Amino acid sequence: MEERILSGIRPSSRLHIGNYLGAIKQWIELQHRARCFFMIADLHAITTPYEPAELQQAIRDVALDYLAAGLDHHKVTLFVQSHVPEHVELAWLFSTLVPVGELHRMTQFKEKSTKASLANLGLLAYPVLMAADILIYQAHEVPVGEDQTQHVELARVIARKFNAKYGQVFPEPKTILSGGKRIMSLSDPSKKMSKTDGGGIQLDDSPEVIKKKVMKAVTATKGGEGNAGVMNLFTLLKEFSDPTTYRQFLNAEETGTIKYAELKAQLADDIARHFAAFREKRKALAGNHRYLEEILSAGAEEARATAKKTLDQAKQLMGLA
Ligand code: TYM
């Protein structure tokens with residue numbers, strides 16, 4: 001069977017460079033070598049508090065980010081998760097295979113269900129829906145950041161269980177991690193960069209905003225541990241600057257002659273330059289709602305054709321058809 005890939009991002013707020021380095025940057029390379037399905041995970045976005053009136057715009061924003069970053073809709077299938085209802089149906093079938101205790105132990109559930117009112121069933125079942133997202137396309141690989149590896153591992157367990165119990169349908173998907181698999185917040189480097197984090201750089205931030213955020217990045221050491229803030233800046237420098245510049249700063253760090261203000265200024269310039277074409281392309285696409293809708297509706301149709309085949313096969317084996 002052809003090599004298949006699936007991944008997705010929640011339209012929870014504007015995408016940041018953690019989402020880019022952990023996920024999208026890999027997708028852009030992968031689109032040339034495999035059959036790729038990339039979705040906008042709106043059904044996952046509603047498991048935490050959100051604003052219904054803003055969701056459609058948030059979905060469009062992620063779609064624009066995908067296209068402006070370089071995903072080619074002629075090469076990959078781009079779609080909105082809720083436009084392919086087969087995912088939810090397969091998730092229900094899978095839910096009968098997963099002990100509730102296992103879901104309670106998932107790191108993300110523990111982190112996000114800090115209050116009883118937040119611990120809704122959707123949030124608990126989140127990884128089961130994610131397994132359905134992946135397995136319904138019989139994907140072999142899932143390019144994500146490190147925080148999602150536990151979820152992909154559960155998808156492997158579900159695939160194994162289903163195949164053993166009902167018959168071979170699903171390949172066991174593997175995570176693909178990038179060099180930027182865990183980007184930390186610039187304002188609090190003990191936490192990962194997230195969509196709700198003030199220390200996050202959004203993909204369409206202007207060069208001025210990027211500069212302001214990077215110059216404020218925390219580099220002071222806390223306790224006796226390695227300096228997470230500085231290490232994070234080096235990770236970013238490696239991703240966004242040229243190798244000679246990276247080596248020069250690394251040398252200066254090792255010999256104790258480094259000036260962090262210089263490193264930050266260089267990094268801010270290089271990030272701004274990296275996304276210059278992105279900002280232009282995004283602006284050009286932003287006004288064209290119709291074009292975006294056409295891409296997403298063609299993507300959903302394509303995705304559904306594949307999804308339906310897998311779901312039918314699973315239902316048949318389970319005695320439901
Ligand atoms: P989400 O929306 O939280 O994040 C989207 C992608 O960005 C990566 N990421 C990061 N990578 C490096 N450093 C960071 N600080 C950072 N923050 C986020 C995430 O690892 C992810 O790859 N559950 C998924 C969405 C999803 C999905 C799927 C993914 C739904 N179904 C099926 C893969 C396959 C999520 O919440 O991603």
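**Around the ligand**

A polar backbone atom of M193 sits 2.9 Å from a nitrogen atom of the ligand. Polar contacts here are pairs of N or O atoms within 3.5 Å; within protein, one must be able to donate a hydrogen and the other to accept it, and residues adjacent in sequence count only if both atoms are side-chain atoms. Q148 also faces a ligand nitrogen, with a polar side-chain atom at 3.0 Å. For N19, an N or O atom of the side chain is 3.0 Å from an oxygen atom of the ligand. On its own the ligand has 710 Å² of accessible area, and the protein covers 98% of that (Shrake-Rupley method, 1.4 Å probe; for residues, only the protein chains shown count as cover).

This is a predicted model: local features need pLDDT of at least 70, side-chain atom pairs count only at pLDDT 80 or more, and totals for chains, interfaces and linings use all residues. Residues are numbered from 1 along each chain as its sequence is written, and side-chain values use heavy atoms, with hydrogens and water left out.

The shell holds 29 residues, each with a heavy atom within 4 Å of the ligand. The closest are R10, Y126, D133, D147 and K195. Strand 1 (4–9), helix 1 (17–30) and helix 7 each give two or more residues to this shell. Helices (H or I, at least four residues) and strands (E, at least two) are DSSP runs, numbered from the N terminus. Domain 1 (4–181 + 289–317) and domain 2 (184–286) each provide at least three shell residues; the bounds come from an automatic or database domain assignment. By class, the shell has 12 nonpolar, 10 polar and seven charged residues. Ala, Val, Leu, Ile, Met, Phe, Trp, Tyr, Cys and Pro count as nonpolar, Asp, Glu, Lys and Arg as charged, and the others, Gly among them, as polar.

Now take the second largest pocket, with about 440 Å³ of space. A pocket is an open set of points on a 1 Å grid over the protein atoms alone, with protein on both sides within 12 Å along at least five of seven lines; a cavity is a set where a 1.4 Å probe fits but cannot get out; lining residues have an atom within 4 Å of a point. Points are joined across faces, edges and corners, and a volume is the space filled by probe spheres set on them. Among the 18 lining residues of this pocket, A91, S95, L121, G122 and A125 are closest to its centre. Helix 7 gives the most, seven residues. The lining has 14 nonpolar, four polar and no charged residues.

The largest cavity has a volume of about 40 Å³. Helix 7 (121–135) again gives the most to the lining.
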